[in-house]
Each structure stands twice: as C-alpha cells, then as structure tokens.
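Reader: I am new to this structure. Can you show me how to read its sheets and helices, step by step?

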Amino acid sequence: MTIVVKIGGAEGNGVAPVLADLARRSDYVLVHGGSAEIDRLGESMGHPSRYYTSPSGVVSRHTDSEHMDVVVLAMAGRVQTEIVRALGALGVRAVGLSGADGGLLIARKKEASRAVEDGRVVRVKDDRSGVVEEVRTELLRVLLGAGYIPVVGPPAISRAGELLNVDADRVAAQVAVALGAEALLLLTNVTGVLRDRNDPTSRIGPVSRDAVDSMMPYAEGRMRKKILAAREAAAGGVGRIVIASSMVSEPVEHALAGDGTVIE
Ligand code: ADP
C-alpha cells in the first residue's frame, strides 16, 4: 500500500517520532515543509519572512527573489538533508529531492497574487510562488522500485525552468493523487482540524469527501492550506486523508488508524 506522509515544518512538529514510525514501513513517499527553518535562516541572512493574506483568507509566504535563496538553502539544504540523514541512521535508504530534481514538481506561477492590506486588495509584486500542476512520478516509481524512499520538498520548477515556491501540503496532495496513493497523512503540530484552536478535544471529523469545505470556517492561517490540500486529494481520488498529530508516538500508525481529522 503506497502512502504519502507530509511532515510539517512549523515549530512543535514531532519529526523524530514520524521518522521512527516510517522506518518500519517500505512503500511511502515523505513530503516535508520547512517554515520554521526558513524563518530562522531568513532572519540570520537579513531577509526575514513576509506573509500576505489573500482576499479569501489564505496566508501565503511572500517569496521575492532574495527570499527564494533562503527557501532553497533551508528546504533543499538543512531540512531535507537532516531528514535524509536521520532516516539513514534508522537504516532507511532515503533520497532527498526538490521539485527541480528530474523535473519532479512542475508548477505554474501564480500570476496575480492578491493580498489584503489595510482593508484594501492590492497586487503582490515579485512573488515567486506557484501551484503544482504536474507531478512526474517516474522518478518516484524508479526509486521506490529499487528500495529507496523519496523525501520530497519545495521548491518546484516552472516549465520555463524557474524555481517556484509551492505549499508543501498541496505538494503532498498532488503527489498522492499522481501516485494513486491509498492514503495521505498530513502530520502537524495539532491533533487535527479543531473547532476551537485552543481546545485539542474539539477535533472535527470524520467528514465525507464532499464536506471538506465545511471545515474552512474553523480554520485560520496555514490550516486553510491543509484543508485545500485535503480537498485536492479527495477530488483526485485518494481514499483516505488524515490531518493528524506528529507529536504522539507512532504518529503514522495512529493517523492510519483514524486518530485525527479523517476525510473519506
Ligand atoms: P505545519 O508546519 O505542520 O504544516 P502549520 O503551522 O502550517 O503546520 O499549520 C498548523 C497550525 O494551524 C496549527 O499549529 C494552528 O496554529 C493553526 N490552525 C489554524 N486554525 C486551526 C484549526 N481550526 N485547527 C487546528 N489548527 C489550526
């Protein structure tokens, strides 16, 4: 059974338990984020992260040209290498890939990103962010077939060869759809989509695939991206999608067993 697991990059995520759990499995692709490391590295390089909120309330990173360097150094550098190293130490033959490797993640540039600033809608200038429109799965299949585990993270590449920052949750969804994965697990620093963000017992779910959007009013900030990703995966035929905690022991087993916000 092929599964796609996404581990969050925000503070508080339990990367070690996820990797320890994955090391017992063989047929999976790991997708990673890296927001906290991008923020840290950006500060130290003098290019702190900037975010904007779209008119529909989705928060996105503003990736100008200088910030793209930070994204590449953090994602394809520190975050991915550390995951590959740690999986290797657990006996897993992991291979780190950005979306540029083998043209794995082909994205289209967001042409007219719009932000709400002081109550007005403005255009976001010089934003190198995109949306994945194609996943070239051959490379993933070759690696999996040879016993390697692909570890995939942003950025993606455009058809014109430009690096584009993309959302890792949505990358995970697209990879799951393209591979025909049985399950997509979005593991994060909360127990699922919560009705009340401050109350871990207020978890929503299970929800049916046509009711994914009904969770949107409860979600703020980047949780909205996970719901968008879940919607895309559901529309693309992924049988089981779970937004769940990375912070428990055996987070993959727990999520597969339904301990999270389950969409099916
Ligand atoms: P990751 O790096 O794991 O992808 P994010 O920080 O991008 O994590 O998204 C998870 C965060 O979304 C939570 O830590 C929480 O602050 C926020 N959030 C917003 N709305 C909700 C909600 N309704 N339920 C749970 N978390 C929410």
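Predicted model: local features only at pLDDT ≥ 70, side-chain atom pairs only at ≥ 80, totals over all residues.

Author: Strands of a sheet pair through backbone hydrogen bonds, either parallel or antiparallel. Here β14 (residues 240-245) and β15 are antiparallel partners, with 3 bridges between them. Across that pairing, I241 faces I263 of β15.

Reader: In what order do the 7 strands of the open sheet stand?

Author: The order is β5-β10-β2-β1-β13-β14-β15, with mixed pairing. At the edges stand β5 and β15 (261-263). Each has a single partner strand, so one side of each is left without a neighbour in the sheet. From one strand to the next, the twist averages 20 degrees.

Reader: Which strands of the sheet does α4 touch?

Author: Helix α4 packs on β2, β5 and β10. Its direction makes about 145 degrees with that of β10.

Reader: Which residues of α4 are buried?

Author: First, the general idea. An α-helix has 3.6 residues a turn, so residues three or four places apart point the same way. Now the case. In α4 (residues 138-145), the buried residues are L140, L143 and L144. They lie on the same side of the helix, because they cover an arc of only 95 degrees around the axis. E138, V142 and G145 are on the other side, and they are exposed.

Reader: What do the buried residues of α4 pack against?

Author: Their partners are β2 (28-32), β5 (94-98), β9 (130-135), β10 (149-153) and α5 (168-179).

Reader: What follows α4?

Author: G147 does, and its phi is positive, near 90 degrees.

Reader: Strand β9 was among those partners. Which sheet holds β9?

Author: An open sheet of 4 strands, in the order β9-β6-β11-β12. Its pairing is mixed. To find an edge, look for a strand that pairs on one side only: here, β9 and β12 (163-164). Strand β6 (residues 105-109) runs antiparallel to β9, and 5 bridges join the two. One of the residues to look for is K109, whose bridge partner in β9 is G130.

Reader: Now a charged residue. Where is R224 found, and is it buried or exposed?

Author: R224 belongs to helix α6 (residues 223-235). R224 is buried, yet it has no salt bridge. To check, find the nearest side chain of opposite charge: E220, 8.1 Å away. A salt bridge needs the charged atoms within 4 Å.

Reader: Which residues is R224 in contact with?

Author: Set aside its neighbours within four places in sequence. The contacts are then S56, G57, V58, M216 and A219.

Terms used: Residues numbered from 1 in each chain as written. Heavy atoms only, no water. Buried < 20%, exposed > 50% of the residue type's maximum accessible area, 1.4 Å probe, protein only. Arc of directions from axis to C-beta. Contact = heavy atoms within 4.5 Å. Lys, Arg positive; Asp, Glu negative; His and termini not counted. Pairing = 2+ DSSP bridges. Axes fitted to C-alpha atoms, helices over the stretch in contact; angles between N-to-C directions.
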